[in-house]
Amino acid sequence: MQGADVMREIAVVAFAQTDHRRTTDELSEVEMLMPVLHGVLEQTGLKTADIDFTCSGSSDYLAGRAFSFTLALDGVGAWPPISESHVEMDGAWALYEAWTKLLTGDADTALVYSYGKSSPGSVRDVLTRQLDPYYVAPLWPDSVALAALQAQALIDAGDTDEPALAAVAARSRTDASANSHAQVRGSVPQGDYVVRPLRTGDCPPIGDGAAAVILAAGDRARELCRRPAWIKGIDHRIEAHGLGVRELTDSPSARLAAEKAGAFERPVDTAELHAPFTAQEVVLRKALRLGDDVRVNPSGGTLAANPVMAAGLIRIGEAAARIHRGESDRALAHATSGPCLQQNLVAVLEGDPR
Amino acid sequence: MPEVLKAPLVLEFPFTRSLGPIQSAFLTGLRERVVLGVKTGDGRTLVPPVEYDPVTAEEIRDLVQVAATGTVTTWAWNHEPRRGQPLDTPFAWVLVRLDGADTALLHALDAPGPDAVRTGMRVRVRWAEERTGAITDIACFEPYEGDGDGDEERQPAAHTGEFEDMVTGIVAPARLDYVYSPGRAQTDYIHALSGQRTVGERCPTCRKVYVPPRGACPTCGVATAEHVEVGPRGTVTTFCIVNIKAKNLDIEVPYVYAHIALDGADLALHGRIGGIPYDQVRMGLRVEAVWSEGGRYPDHYRPTGEPDADYDAYKELL
Ligand SMILES: [Zn+2]
């Protein structure tokens with residue numbers, strides 16, 4: 001990011017997430033969301049009226065209803081009128097918008113939240129509707145099928161094999177044992193093929209969940225949090241939508257976003273990667289130049305809980321929470337959207353020196 | 001607590017999309033069993049073709065014809081085909097680089113099993129019998145061992161992209177199935193309605209009663225839980241006269257649709273007003289719900305005969 005020396009300091013000062021579950025029939029979206037909204041407000045001692053800007057991420061296609069995010073606003077307390085925005089994307093992109101809003105100086109605090117209930121529909125089919133509507137969507141290639149094409153390309157290139165992918169799955173779910181919010185934890189069989197070469201263990205669980213984050217600028221962040229997770233850089237990039245145009249074994253957009261976010265200036269100790277499929281972790285480790293000394297997805301990552309539209313924001317939240325707790329000093333958080341890592345967002349977070 | 005309600009919800013849309021010059025040529029070509037690509041400024045051939053160079057964003061218009069044979073660049077075995085996919089028997093998803101192209105096209109490959117598929121294998125297009133100008137005019141790919149049809153290794157040949165009766169649009173049907181659950185608060189509301197009662201929820205902070213309840217106070221941003229029975233009578237706070245007959249709705253026009261503040265509620269809900277000529281409905285009119293036989297919600301609201309409410313009594317509920 002150019003002119004980093006004159007930018008406002010902005011930090012993640014609070015993070016909350018739901019327990020992610022296969023179904024939450026008893027809860028509407030706003031009922032699922034409210035506890036995490038209250039969670040981040042309580043952590044900071046802020047009230048709704050103290051929040052300068054609110055931004056959310058979600059998808060009508062998951063909810064099966066137009067303008068579904070407007071109902072979720074009931075959980076925010078949108079009266080008297082608030083400054084609010086919404087992205088039809090993962091909440092990580094809502095956080096990006098909030099970050100730019102804080103950079104302008106128009107706001108000192110921002111509430112960012114996102115949520116997704118995949119349980120009412122078939123998320124594999126729902127995600128086909130984000131594809132090119134002329135050449136691809138009429139064929140209904142589901143999300144697992146597209147990820148499987150990427151996995152086979154990696155195997156053919158010699159970048160991984162099925163045992164290595166199984167090891168990614170096992171490490172993620174073992175790490176998730178320490179994460180009470182995770183949906184799939186501990187030892188999980190790698191299972192049968194869903195779409196070969198991907199087995200159930202290579203795929204994320206399908207479930208419902210929500211997350212919220214509070215951002216604050218400068219001294220306000222220091223007042224609200226003992227050890228703020230400063231956003232040193234954040235950037236997002238996209239690749240061509242044509243799958244056959246892209247090099248599926250690499251992620252040039254993730255690498256470029258990381259470079260622009262300053263990730264390569266100094267090593268990170270932690271990386272929270274939004275890799276819903278095991279093979280995508282292989283791609284991202286290479287693109288983001290993560291060595292074996294970097295702790296990858298200590299939360300268990302998306303293979304342990306994948307509330308669509310919240311999973312990327314959770315990566316930023318998990319990375320920030322590790323800095324808050326003093327378990328990390330410099331962390332990389334990554335979010336993705338689109339098939340086969342089409343779009344990638346990278347944030348670099350740092351705690352003050354100890 | 002009663003069991004949370006669930007119901008199937010099917011969303012179906014026939015998305016009608018217009019095609020630009022390149023997509024029109026490509027899809028019309030498929031109808032005529034011709035596969036077209038487009039050349040980029042640096043000489044690459046993109047199949048399927050796009051209107052703008054993915055690298056430079058330059059407009060590109062140089063169409064070329066490529067072969068209907070090609071090479072698999074990656075694949076995935078789909079043993080359980082899903083609704084809408086090209087084949088209903090197990091098949092491989094494939095990216096195929098057609099001979100003469102530099103990029104790959106996504107489609108299905110009809111093969112007996114995963115052992116019969118590998119990256120690098122040769123395939124050819126199997127055309128659909130009935131072709132309309134859509135990506136599904138390629139029924140799928142099939143393994144291709146031969147080299148006799150003269151198509152393979154072919155250099156892309158310039159093509160005008162012009163055909164008789166060009167396809168200029170597609171209709172892309174989409175269907176998604178859900179099992180919708182409205183959550184706890186709205187489930188309670190719907191259950192109460194089945195007993196011909198209307199319940200709201202009171203906000204613990206501002207004490208307002210919301211009908212229908214959605215589990216949260218939009219003003220305070222807190223959960224609501226305290227049940228409050230409201231109505232059955234209420235006041236028309238504002239209304240409109242509907243003059244257009246809705247499809248599949250057996251109601252004579254004109255009729256009145258109104259905001260109705262049920263007694264005890266701090267939010268007006270809406271409903272149709274019946275039992276009174278449309279031009280006699282007025283703000284402040286006192287009404288009550290009328291359930292039809294076996295109805296699961298009020299069919300309409302009718303005048304109670306009480307004197308009209310004072311404006312001050314409902315001015316906050318417009
Ligand atoms: Zn309230």
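Figure 1. In chain A, 78% of the contacts with a separation of 6 or more link residues 24 or more positions apart. Keep in mind while browsing these views that this is a predicted model. Eleven helices and twelve strands make up the secondary structure of chain A. Of its 354 residues, 65% are buried.

**Figure 2. The overall dimensions of chain A.** Along the principal axes, the C-alpha atoms of chain A fill a box of roughly 50 × 45 × 40 Å. How does the radius of gyration of chain A sit with that of a compact globule? For 354 residues the globule value would be near 20 Å, and chain A comes in at 19 Å, so the two agree.

**Figure 3. Strand E4 of chain B and its pairings with E2 and E10.** Now over to chain B, where strand E2 (residues 35-39) and strand E4 (residues 62-66) run antiparallel and are joined by five bridges. Look for B:Val35, which sits opposite B:Val66 of E4(B). E4(B) also pairs with strand E10 (residues 157-158) of chain B, again in the antiparallel sense, through two bridges. There, B:Gln65 has B:Ala157 in E10(B) as its bridge partner.

**Figure 4. The open sheet E13-E12-E16 of chain B.** Three strands of chain B line up in the order E13-E12-E16, with antiparallel pairing, as an open sheet. Which strands stand at the edges? They are E13 (209-210) and E16 (226-230) of chain B; each has a single partner strand, so one side of each is left without a neighbour in the sheet. Zooming in on one pairing, E12 (residues 198-202) of chain B meets E13(B) through two antiparallel bridges. B:Arg202 has B:Val209 in E13(B) as its bridge partner.

Figure 5. Is B:Thr235 buried or exposed? With a relative accessible area of 6%, B:Thr235 falls under the 20% cut-off, so B:Thr235 counts as buried. Setting aside neighbours within four places in sequence, B:Thr235 is in contact with B:His259, B:Ile260 and B:Ala261, with B:Gly284, B:Leu285 and B:Arg286, and with B:Ala309 and B:Tyr314.

Technical notes
Residues are numbered from 1 along each chain as its sequence is written. Chains are lettered from A and ligands numbered from 1 in the order in which they are written. This is a predicted model: local features need pLDDT of at least 70, side-chain atom pairs count only at pLDDT 80 or more; totals for chains, interfaces and linings use all residues. Side-chain values use heavy atoms; hydrogens and water are left out. Helices (H or I, at least four residues) and strands (E, at least two) are DSSP runs, numbered from the N terminus. The radius of gyration is taken over C-alpha atoms; the globule rule is 2.2 Å times the number of residues to the power 0.38. Buried means under 20% relative accessible area, exposed over 50%, partly exposed in between (1.4 Å probe, protein chains only). Contact means heavy atoms within 4.5 Å. Two strands pair if DSSP finds at least two bridges between them.
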